[in-house]
Amino acid sequence: MITLLNKHSEAKLWRPPHAKPLNGSEGRLLAIIKFIRNPLEGFNANVYNKGITQHGLLSVKMHVVTNSKAANTILKKKAVNFRKSELNQRIMEPATKQGLIVVHGEQWKAQRRTIAPIFQQKHLKTQSLHISEALKEFIGNMGENNELDLATAMTKLTFNVLAKTLLGDPKGVDREKLGRAAYTAVSEAGTLRIDDFLPRPKWLPRLLSLKGYLALKTMRTAADQLLLERKEQREVDDLVGLLSHSVDPRTKRSLTLKEQRDNLIGFFIVGHETSALALTWALYLIGSHPGTQQRILDEIQDVLGDEDVKFEHISQLKFVNAVLNESLRLFPPIPIVGREAIVDTQVLDTVVRKDAIVVIPLYVMHRSSVYWDNPNSFDPDRFLRQPKLGRNALQFKPFGDGPRVCIGASLAIIEAVMAIVTIVRKFEIHIECENLKPQVTASLRPSCDIKVSFTKRKC
Ligand code: HEM
């Protein structure tokens, strides 16, 4: 039985760390420095309250949109009037130039039609078996008492999950080397830099360090090798195998080898970083809040008894899903999405002109008092009191919305729920962490190490 926490038990609610907005007394220079260091601390109170505001940073002028209807118009209703922003392109292109996350127009449509079936329920059920194996290995490698950095531990775990689900647990590939390469590629590709805000001709590629180029080369070589191997095999259930055999249902054409490779790398980079962060933040919240940990244990007992967690259990674990949603609300791993207008477009009472940049800080929308009671408090029960919040709410978009909504969302949710259940059931979690803040690089990372101890529960 789930015990619902009443909306009025506000006094009991805990406020996890928050990247606080500008208070208005900072000068323009300090505001710019704050924005560049951590964009979430560079927004002012107007951004939280007004819905659509206009800003300038170096050469970049932008509309910042936190009104949920306006965000829905841009991402969904009038999605054809917008394209992914130049900044997104610039950051992701070196790693995945021909991948779904970067391409546009007809190429994007054909890729989306070809790739979407890979993430359908029937395949996800098979992926859940691979996830379960990776979780058993994770648990098996842990001692009685383990003191770790939480983000590092979750990065390793999600790497192993992706190695099994995406790459089919490749034998001929040096996992350690690939892991290091993926980490370097994510850090290089996924970190905003000051020169990203400077004017630059479109033909000039974003420069990476030598380490970054070498990491990408390692990933490309491994991806090419795997795709070639899988092409020869008929019985395939990992994502790389499904990708190498998939065809566009409309044209019956496959993706080119380069498109397949860039998508594989794109899935790896995006899927790895976001899933690791989703789990890091969720376990940080759970480990900091013993009451939540106990309620999860109670639910596991009710729903699973002594069984291992399986695909069929995911939707029955209502409280675990609510905790995950609350974590994705407070700490969305992709905290900001961006678009550029292709044509002049009316968005509420603002005309967004052709070529204008639109920034949608999901982090701010998720914490605006316009939409949420106690917006900065940890209150997973809000998703139980209002079950529709988790599915259809305009103000809750951790996976984006519209045609370019995250293609891996269901896989990510299955992985996160199974990981939370497996870890909480086996270990008591304690967090020791002060001065932590959510910090935007391109994703939402913790600003410092989160010291965690996983202590084996006495059965
Ligand atoms: C908790 C984990 C995840 C979060 C929070 C997340 C979030 C997002 C968001 C917000 C977008 C939309 C970006 C935009 O509109 O500009 C997106 C797109 C995308 N995501 Fe995820 N994601 C997660 C996991 C994954 C996984 C596991 C994969 C693949 C294995 C994946 C692959 C993609 C791809 C390929 C796109 C681009 C889709 C397109 O443009 O058609 N994501 N994700």
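Modeller: One definition before we start: two strands pair if DSSP finds at least two bridges between them. Keep in mind that this is a predicted model.

Biologist: How many bridges join β4 to strand β12?

Modeller: Strand β12 covers residues 451–456. β4 and β12 run antiparallel. Pairing asks for at least two bridges, and the number joining β4 to β12 is 5.

Biologist: In what order do the 3 strands of the open sheet lie?

Modeller: The pairing in this sheet is antiparallel. Its edge strands are β4 (145–149) and β9 (427–432), each pairing on one side only. The order is therefore β4-β12-β9.

Biologist: By how many degrees are neighbouring strands of this sheet turned against each other on average?

Modeller: Direction is ignored for this value. The average turn is 20 degrees.

Biologist: Which helix lies across β4 and β12?

Modeller: Look for a helix running at about 95 degrees to β4. Another helix, α11 (residues 257–288), lies across β9 and β12. That one runs at about 95 degrees to β9. The helix across β4 and β12 is α7.

Biologist: What span should helix α7 have, at 1.5 Å a residue?

Modeller: Helix α7 takes in residues 150–165, which is 16 residues. The expected span is 1.5 Å times one less than the number of residues.

Biologist: How many of the residues of α7 are buried?

Modeller: A residue is buried if 20 or more other C-beta atoms lie within 10 Å of its own. By that rule α7 is mostly covered. Of its 16 residues, the buried number is 14.

Biologist: Is T165 buried or exposed?

Modeller: T165 sits in helix α7. Beyond its neighbours within four places in sequence, T165 is in contact with Q127, H130, I131, D238 and L239. T165 and T126 are 39 residues apart in sequence, and 8.7 Å apart in space from C-alpha to C-alpha. Because T165 has 29 other C-beta atoms within 10 Å, it is buried.

Biologist: Which element gives the largest share of the shell around the ligand?

Modeller: In total, 23 residues surround the ligand, and the closest are G271, T274, G400, C406 and G408. The elements that give two or more residues to this shell are α11 and α17 (409–426). The largest share is 7 residues, and it comes from α11.

Biologist: How many nonpolar residues does the shell around the ligand have?

Modeller: Sort the shell by class. It has 6 polar and 3 charged residues. The nonpolar residues number 14.

Biologist: Why does N263 count as buried?

Modeller: N263 lies in helix α11. Leaving out residues up to four places away in sequence, N263 touches G99, L100, I115, L243 and L255. The cut-off for buried is 20 or more C-beta atoms within 10 Å. N263 counts as buried because its C-beta neighbours inside 10 Å number 28.

Biologist: What length does helix α9 reach from its first C-alpha to its last?

Modeller: Helix α9 (residues 210–232) has 23 residues. Its buried residues are A215, L216, M219, A222, A223, L226 and R230. At 1.5 Å a residue, 33 Å is expected, and α9 comes close to this with 34 Å.

Biologist: Is K354 buried or exposed?

Modeller: K354 is in the loop between β7 (350–352) and β8 (357–361). It touches A341, I342, V343 and D344, residues up to four places away in sequence not counted. K354 has 11, so it is exposed.

Biologist: What is the phi of D355?

Modeller: D355 also has its place in the loop between β7 and β8. With 12 C-beta neighbours inside 10 Å, D355 counts as exposed. Its phi is positive in a residue other than glycine, near 75 degrees.

Biologist: And where is N435?

Modeller: N435 has a positive phi of about 60 degrees, although it is not a glycine. It is exposed, with 7 other C-beta atoms within 10 Å. Its place is in the loop between β9 and β10 (438–440).

How values were computed:
Residues numbered from 1 in each chain as written. Predicted model: local features only at pLDDT ≥ 70, side-chain atom pairs only at ≥ 80, totals over all residues. Helix = DSSP H or I, 4+ residues; strand = E, 2+ residues; numbered from the N terminus. Contact = placed C-beta atoms within 7 Å. Axes fitted to C-alpha atoms, helices over the stretch in contact; angles between N-to-C directions. Near = placed C-beta within 6 Å. Nonpolar A, V, L, I, M, F, W, Y, C, P; charged D, E, K, R; others polar.
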